[in-house]
Protein chains: 4
Amino acid sequence: MIIILKQKTDQHQLENLMGWLKEKGLEVHPTVGESRSILGLVGDTSKLDMDLIASLDIVENVKRVQEPYKNANRKFHPMDTVIKVGNTQIGGGNLTLMAGPCSVENEEQIVAVAQAVKASGATMLRGGAFKPRTSPYAFQGLGKEGLRLLSLAKKETGLPVVTEIMEASQLEYFDDVDVIQVGARNMQNFNLLKLLGSQKKPVMIKRGLANTYEEWLMSAEYVMSEGNENVILCERGIRTFETQTRNTLDLAAIPLLRNLTHLPIIADPSHATGKIALIPAMATAAVAAGTDGLLIEVHNDPTKALCDGPQSLRPEAFDKLARKLLALHEFLKTQED
Amino acid sequence: MIIILKQKTDQHQLENLMGWLKEKGLEVHPTVGESRSILGLVGDTSKLDMDLIASLDIVENVKRVQEPYKNANRKFHPMDTVIKVGNTQIGGGNLTLMAGPCSVENEEQIVAVAQAVKASGATMLRGGAFKPRTSPYAFQGLGKEGLRLLSLAKKETGLPVVTEIMEASQLEYFDDVDVIQVGARNMQNFNLLKLLGSQKKPVMIKRGLANTYEEWLMSAEYVMSEGNENVILCERGIRTFETQTRNTLDLAAIPLLRNLTHLPIIADPSHATGKIALIPAMATAAVAAGTDGLLIEVHNDPTKALCDGPQSLRPEAFDKLARKLLALHEFLKTQED
Amino acid sequence: MIIILKQKTDQHQLENLMGWLKEKGLEVHPTVGESRSILGLVGDTSKLDMDLIASLDIVENVKRVQEPYKNANRKFHPMDTVIKVGNTQIGGGNLTLMAGPCSVENEEQIVAVAQAVKASGATMLRGGAFKPRTSPYAFQGLGKEGLRLLSLAKKETGLPVVTEIMEASQLEYFDDVDVIQVGARNMQNFNLLKLLGSQKKPVMIKRGLANTYEEWLMSAEYVMSEGNENVILCERGIRTFETQTRNTLDLAAIPLLRNLTHLPIIADPSHATGKIALIPAMATAAVAAGTDGLLIEVHNDPTKALCDGPQSLRPEAFDKLARKLLALHEFLKTQED
Amino acid sequence: MIIILKQKTDQHQLENLMGWLKEKGLEVHPTVGESRSILGLVGDTSKLDMDLIASLDIVENVKRVQEPYKNANRKFHPMDTVIKVGNTQIGGGNLTLMAGPCSVENEEQIVAVAQAVKASGATMLRGGAFKPRTSPYAFQGLGKEGLRLLSLAKKETGLPVVTEIMEASQLEYFDDVDVIQVGARNMQNFNLLKLLGSQKKPVMIKRGLANTYEEWLMSAEYVMSEGNENVILCERGIRTFETQTRNTLDLAAIPLLRNLTHLPIIADPSHATGKIALIPAMATAAVAAGTDGLLIEVHNDPTKALCDGPQSLRPEAFDKLARKLLALHEFLKTQED
């Protein structure tokens, strides 16, 4: 951490600050310039409150040179985290296809979709039971009943299930869920993150609509600092000025986060684009960018989907796409050194 | 609502769609053009799922012409909502100053600040007990103990209290709180909003960092549709590309929302700018823009604030500012017709 | 176009408006609702001024249902535009690799890079002579001398050249340039666009940092409406809140624009990410997303590059990447129906 | 400037770097940490190329601690710049009202508006002759003829004129213009800025739609570094996710830039909001935030304005607003210490 001091620094205050920093176990290296002086701090600054220091009268600015996350940081954990879910492994060079409908609607629908996506190569079933909706008047999901139907589909197909939790009180119903999803709007619901850190099921955190990589990793850190190391990151698009797509899928997140963290990184082209027509190209691009998996909406009757219809593929379209994605994944392996 | 059809529309599907819309109680007015046809819908479309319609094969696009919020809509509730809190009234031409520290730290601090801000003209006390922090390693607030200290300060000064709730399970501790604040990161925590709609205390909803006015009003609608009409909106800055301020205070929200909704609108220049030096100018500007109140951080020792220090004024600076703001509010009344 | 009228519409003003619209050759279809009426317009509305109509007392809002661009619109020009440059064709299923240094520095450098990238499979040479720099104190490019050196490299290798123009007065030096690039900051320099529309060399327009697809297509329309149909679009990343990449490459632009326009679409992963380490993944992803070509910075000594060094590959790295990209392009052809 | 080195730094490369920095006249202060070392640079780093340094193999990151602008920097020029235009002074505590139509349309219109706004207290006339329009099919302004009509209105009223230049070749027609405006889309048209720096008329630079304060000041620096110190900054709203206003007026720019620069700062609530109904509130707020002036669109017949109609006040509304703004400006002076 670097502390940039104001031009005319009170010597007494400066000594106080340096003393306080040394008490925290840090080495302090001053650089005195004509127009400005800086203090370079050496040691563990991850728990130092930048805002507090920035508020001091003699301080102009504070800049980190080290990442504020530890558990999620590849520097302290160089090996890829591989998460085992049923017979599937997420991370470590695998391509995990998680497919299923936006909303679970009824037994027939969810079982049929589960069977179809399994046949096409998906190794996990996704489906929404608790649905965050911008409008209180929109369909809010089947809730507990939806979770029951997902369990049925899991029993039928053997596919492990990923589904979204919206608040702490719902956790008791998630016994048969394999991966718990935290939605984009809850990425900084810190109480929910802590709760999910205190249990053992893998947690998949979707990136918030206007959040940075560092904020996202800090949300992973909330879960991990409570003891649960099984965290998956899911890029699902960020809000930009473009209105012809629902969001903008930021695929650079994949190679960049690969360097910053050891956690698996998944992409969701369905929510990101909001348009069926763009899903194949963006799913293909995500595989090319090195994603560990994809979350793809598949519905057996998109025109009757109760929510988020425009981003669901029919099973036949998914079948074609899944085959292409898996073939591409194999092809790219042959291109590596 | 307007449905724009694709260029070559299957006549049978079109008839199905028109029949379905009529079943929903809507009048359907088609406009047939050479390159494209549209359907104009007349009636209550607020509960119609735009995504569902947009997903149909024959539909190119759907556009609303009516606002999707009802309870919060000034069209159906022309009179200003005025919220009574203790002896104070929020809305209806009053200027309510809510002041206090970012975090409650100890009895001495909170009582002293409460007394100081009351003497300067504040009519509500703000203070954080449960604190949302980006990092799990940052100070998370005193929690229940913080609420107890706020009660003490309220008893000492008579000032009603506004403080933030972070999750449902905390509500049981909010008995002595007067206005419950929902933070920016929880603006779309729909379960929390519904819970707060099912109780009677006023709810102040901060605008999310990247949310639109309509999304914000839909969050108010979540509370109101459950039966609680006492909602206050608080503009606290949005995320922009500028990094020299913490966020960008969007003051146009005040006059614009005044037309869209009957709910009171408050501004928070402290969080928005993140810089003490900008608070006086931005608070003054908010009053000039017609705000119903201000949320201002005041700390008796800003350089020791446990969090968000850079945005807290000392009581003396607040005193000077409060007098200026109240004088300006009076002056502006004399300038109206 | 749809005109949404205010709730209480003056009948006389409405008749005036409808008369004026009919004079413009449009059919007007009114839909009268209880709370609001709308006018649906049928005919060529592309030259109608939405702002003017929106400013009328009786109008609440105006919405387009048709794209405001004609020449660039795939609806009126279903076949892909293929642009011939030397022996290369841009568009129509080809993958054009345009490679070279950010800045032309000297003869030795530009000739050596040109020879290297040609050997690796590039079919166009890129290189900056006139450089837009945020700071007046940064290196501004070699200017005319840079263009002369590009000509030399073209003579040596036969590679056609693409380079940036910054203002009208420079055009006279572009005789030996094959494709004229308009930079992101000049995307809405409308005078420059018109000038480039009145000559015949192909124009490559980079997307502005905060511009929408429609604004970008309108910039293409500026060139095309003056008579030059040879326009290439280049996605080079948009500004977002993320600071760890220079910009965010919006790859969804590729499949989405493919539907909207017949013009070729190129991606620039170097400028977009600003980091060498991300270029291979993002270039690969762009090919997977269906790009018509890539603009890649290659420098024979990145650590001495005079500008934009962090985004330049060395020739050996480019060689490896180019072979992978061309192999992927072939592989993806085998995956189509 | 601070250079953050990679974890394992080659000693030889490090010595080369330190030697090169010292050759540039800088003092280099190393801070060696366990996980990372940093170099603190003391001296004039404004002309050092950050990108070049960041591209070096041994460098992880480079951070500025000093502003990259000199001429525009208040640190080196503590007194406010006051710009004299005719009998008016911009800056230094004055409130300059610049009013007039978006587009000059004809003699009658521009003279009538000029007379009206002068009577209401405006001391400068604004009006567009060369108009940047997103669409090539929209009205592009009267051009040279518009400038001639502005001269007529100036002769009639004595009001100095501010109007926009779009490209270098237009400068020859600006002889009778008093302040040359650079539009938001040209804020980084660096060639145009240099040209305007080489002449003596004051230049008003509008902030780009997605530009930061620092980029804006660097654009001022482009003009000033060529010798023209008469630069005015104009905040006209930035692009955000909100679609109900045209842009978001960032009033915090006013107090913040006041600290960073000595140049006058003007606000344009008309373009920023794009809605007549919001102009009075936002103009009032801008005065409260400490603006040096306002650019307000006034049209004698808003419903017939050829462009940007929705943001023009009628003269009667401007008269009322101008009186309120000038009274508020006087009132606020009485509130200062």
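A salt bridge, as the term is used throughout this tour, is a side-chain nitrogen of Lys or Arg within 4 Å of a carboxyl oxygen of Asp or Glu. Side chains of opposite charge can pair when their charged atoms come close.

The structure is a predicted model, in which local features need pLDDT of at least 70 and side-chain atom pairs count only at pLDDT 80 or more, while totals for chains, interfaces and linings use all residues. Residues are numbered from 1 along each chain as its sequence is written, chains are lettered from A and ligands numbered from 1 in the order in which they are written, and side-chain values use heavy atoms, with hydrogens and water left out.

**Before selecting anything**

Colour by pLDDT, the predictor's confidence in each residue, from 0 to 100. Chain A averages 91, and 95% of its residues score at least 70; the model as a whole scores ipTM 0.91 and pTM 0.92. Where pLDDT is low, the predicted coordinates should not be read in detail.

**Stop 1: chains D and C**

Select Arg239(C) together with Glu215(D), which form a salt bridge whose closest N and O atoms are 2.4 Å apart. The rule finds two salt bridges across the interface of chain D and chain C. Between these chains there are also 18 residue pairs in polar contact, both residues being at pLDDT 80 or more; a polar contact is a pair of N or O atoms within 3.5 Å, where within protein one must be able to donate a hydrogen and the other to accept it, and residues adjacent in sequence count only if both atoms are side-chain atoms.

On the side of chain D that touches chain C, helices α2 (50-54), α5 (190-197) and α6 (213-224) of chain D each supply at least two residues, and α6(D) gives the most, with four residues. Helices (H or I, at least four residues) and strands (E, at least two) are DSSP runs, numbered from the N terminus.

Widening the selection to the whole contact, defined as heavy atoms within 4.5 Å, takes 50 residues from chain D and 50 residues from chain C. The area buried between chain D and chain C is about 4000 Å², of which carbon and sulfur atoms give 52%; this is the accessible area (1.4 Å probe) that two parts lose on being put together, summed over both.

**Stop 2: chains B and A**

Helix α6(B) gives the most to the side of chain B that touches chain A, with five residues.

Stay on chain B and select helix α5 (residues 190-197), which is mostly covered, six of its eight residues being buried, that is, under 20% relative accessible area, with exposed meaning over 50% and partly exposed in between (1.4 Å probe, protein chains only). The buried residues of α5(B) are Phe190(B), Asn191(B), Leu192(B), Leu193(B), Leu196(B) and Gly197(B). What covers them includes β9 (161-165), β10 (179-182), β11 (203-206) and α6 (213-225) of chain B.

**Stop 3: salt bridges within chains**

Over all chains, the structure holds 55 salt bridges. In chain B, select Asp176(B) and Lys154(B), with their closest N and O atoms 3.1 Å apart. This pair links distant parts of the chain, since Asp176(B) is in the loop between β9 and β10 of chain B and Lys154(B) is in helix α4 (residues 144-157), 22 residues apart. Asp176(B) is partly exposed at 32% relative accessibility, whereas Lys154(B) is buried at 18%.

In chain C, Arg207(C) and Glu235(C) form a salt bridge at 2.9 Å between the closest N and O atoms. Arg207(C) lies in the loop between β11 (203-206) and α6 (213-224) of chain C and Glu235(C) in strand β12 (residues 231-235), so the pair ties together parts that are 28 residues apart in sequence. Both partners are buried, Arg207(C) at 1% relative accessibility and Glu235(C) at 0%.

In chain D, Glu145(D) and Arg148(D) form a salt bridge with their closest N and O atoms 2.9 Å apart; they are three residues apart in helix α4 (residues 144-157) of chain D and are therefore separated by about one helical turn. Glu145(D) is partly exposed at 34%, as is Arg148(D) at 44%.

**Stop 4: chain A**

Select Arg207(A), Glu235(A), Asp250(A) and Glu242(C), which are linked in a network of salt bridges. Finish at Val42(A) in strand β3 (residues 37-42) of chain A, a residue that is buried, with a relative accessible area of 10%. Val42(A) and Val28(A) are 14 residues apart in sequence and 6.5 Å apart in space, C-alpha to C-alpha.
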